Amino acid sequence: MASIKNPATEALAPFEHMSKSDTILLRKRLVGESCKLFFRSDPLKIVRAEAQYMYDEQGRAYLDCINNVAHVGHCQPDVVAAASRQLAVLNTNNRFLHDNLVLCAQRITDLMPEPLSVCFFVNSGSEANDLALRLARAHTKHQDVITLDHAYHGHLSTLIEISPYKFRQIPNHKQADWVHVAPVPDVYRGKYRESEHPGEDMGALYAEDVRRLCEKATAGGGGVACYIAESLQSCGGQVVPPPNYLREVFRHVRAAGGVCICDEVQVGFGRVGSHWWAFQLQGEDIVPDIVTMGKPMGNGYPVAAVVTTRAVADSFRDTGVEYFNTYGGNPVSCAVANAVLQVIEDQKLLQHAQDVGDYLLARCRELQGRHSLIGDVRGVGLFVGIELVVDRTTREPATAEAQHVLSRMKDESILLSSDGPDRNVLKLKPPMVFSKQNVDTVIEVLDQVLAELADEHADLEPEHAHQTNGKTNGILAH
């Protein structure tokens, strides 16, 4: 095994790396098989990245369509410089006064509608959602949580309990009595489909299920603590809720005494293009009681936040249990978050996401017109899902085909992931600097790969054309 030189002493000079096989062996031995890898049958070893490109140990460049974490681009120079400057001066916990924290809190709350005005800093989206549950329960004095099917809110024990995307994978898992699961408002594959309810208010229809759960939670003297949902469901398959959904849901939940939490961990900070926050797509009058954020906030550096109302924050304070987070809101984290916000504004990345996202959706729909394997194209801004189906009428998920597409795209140096309950939805959530030229590259290669699949299927006997034998390449993403 090659020795690794200290990059701190050879800052920009090339340094030796372990071989890819050595890294794989060490990971298996020291990290464990339960920690997921992209492309686990042939994992990538990435040693550097820049903007929307990642590079392996052999110097091969890959176009990154996966990373909603490197929000303003991998190793964005202004963000790197801000982190370096602050790290060279001071990094400590937030029990000391520091300008970075209050300036970051002000910048974030200024981007929120009234009355969202109080900011708590944490280290990750999981921590943010866990704190949001604590805030909701302190304010309402209730326990029950309404969540969505296929939702993912984080890896902490409290969050696994409200994340059907995770807990449905646990053998013999018993859903907690205080957890109530509402249908995901997926108008393509969900409980209520637009094709079967033409002209109906799909948002109100799906919200009616939430109303019934509120009644169930309050029966017998109980009560709703909160409704929590990703503003756009990512792991559940890039689902964009129908118009009027949050308006009706918030009305039902608040009538039951609960508060409303919007999880913006994957889709916040302008990814949708037209707005800073995805919940704003539902209307200017849609204001949650609590908003959580993470991933893109630090462009890969661990920083996250919870924003809430003064009333909810005061209820939390009145419990007498002070909130303290050793690293949450430290000077370096806040310097990074401030730099990310500045880059988004300076480079007009919201407008960029809208322009490139509209172009991406249009090009994907062109592909849908040419390839029957594409059942649905949906999304907004740089958040797009392409759902693959064996048959457009039955909408049978094309799971094996989706995994094949991902593997072939990787062969062509393009990184995509898949998700959804059937792992048949191709996910595009690239860094915000993704360009129209990048879109053309992805569409050209995807067109070729889908054509290959069509040719292969045409050569198979009909009874064997869609056998999958359960094998996938394990290409999943959060």
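**Notebook: helix packing, cores and strands**

I started with helix H4 (residues 125-140) and helix H9 (residues 310-317), which pack at an angle of about 85 degrees with their axes 8 Å apart. Axes here are lines fitted to C-alpha atoms, for helices over the stretch in contact, and angles run from 0 to 180 degrees between N-to-C directions. Helices (H or I, at least four residues) and strands (E, at least two) are DSSP runs, numbered from the N terminus. So H4 and H9 are roughly perpendicular; that label covers 65 to 115 degrees, with under 35 counted as roughly parallel, over 145 as roughly antiparallel and the rest as oblique.

Before going on, I noted that this is a predicted model, where local features need pLDDT of at least 70, side-chain atom pairs count only at pLDDT 80 or more, and totals for chains, interfaces and linings use all residues. Residues are numbered from 1 along each chain as its sequence is written, and side-chain values use heavy atoms, with hydrogens and water left out.

Who makes the H4 and H9 contact? I found Leu131, Arg134, Leu135, Ala138 and His139 on H4, and Ala311, Val312, Ser315 and Phe316 on H9. Contact means heavy atoms within 4.5 Å. By class I get 6 nonpolar, 2 polar and 1 charged residues. Nonpolar takes in Ala, Val, Leu, Ile, Met, Phe, Trp, Tyr, Cys and Pro, charged is Asp, Glu, Lys and Arg, and the others, Gly among them, are polar.

**Cores**

Next I looked up the largest nonpolar core, which has 94 residues; Tyr227, Met293 and Met297 touch the most other members. Such a core is a set of buried Ala, Val, Leu, Ile, Met, Phe, Trp, Tyr and Cys residues joined through side-chain atoms within 4.5 Å. Buried means under 20% relative accessible area, exposed over 50%, and partly exposed in between (1.4 Å probe, protein chains only). Helix H10 (residues 331-346) gives the most to this core, 9 residues. Leaving out residues up to four places away in sequence, Tyr227 touches a list including Ile146, Leu148, Tyr245, Phe250 and Ile261.

**The seven-stranded sheet**

I traced an open sheet of 7 strands in the order E4-E10-E9-E8-E7-E5-E6, with mixed pairing. Two strands pair if DSSP finds at least two bridges between them. The edges are E4 (116-122) and E6 (179-182), each pairing on one side only. Neighbouring strands are turned by 20 degrees against each other on average, direction ignored.

E8 (residues 259-263) joins E9 through 3 bridges and runs parallel, with Cys262 partnered by Val291. E10 (residues 304-309) pairs with E9 in the antiparallel sense over 4 bridges, and there Val307 stands opposite Val291.

**Strand E15**

Is E15 (residues 425-428) covered on one face or both? Both: Val425 and Lys427 on one side and Leu426 and Leu428 on the other are all buried. E12 (residues 383-388) runs antiparallel to E15, with 4 bridges, and E14 (residues 417-419) also pairs antiparallel with E15, over 3 bridges. Lys427 is the bridge partner of Gly385 and of Ser417. E14 and E15 form a hairpin with 5 residues between them, and Gly420 in the turn has a positive phi of about 95 degrees.
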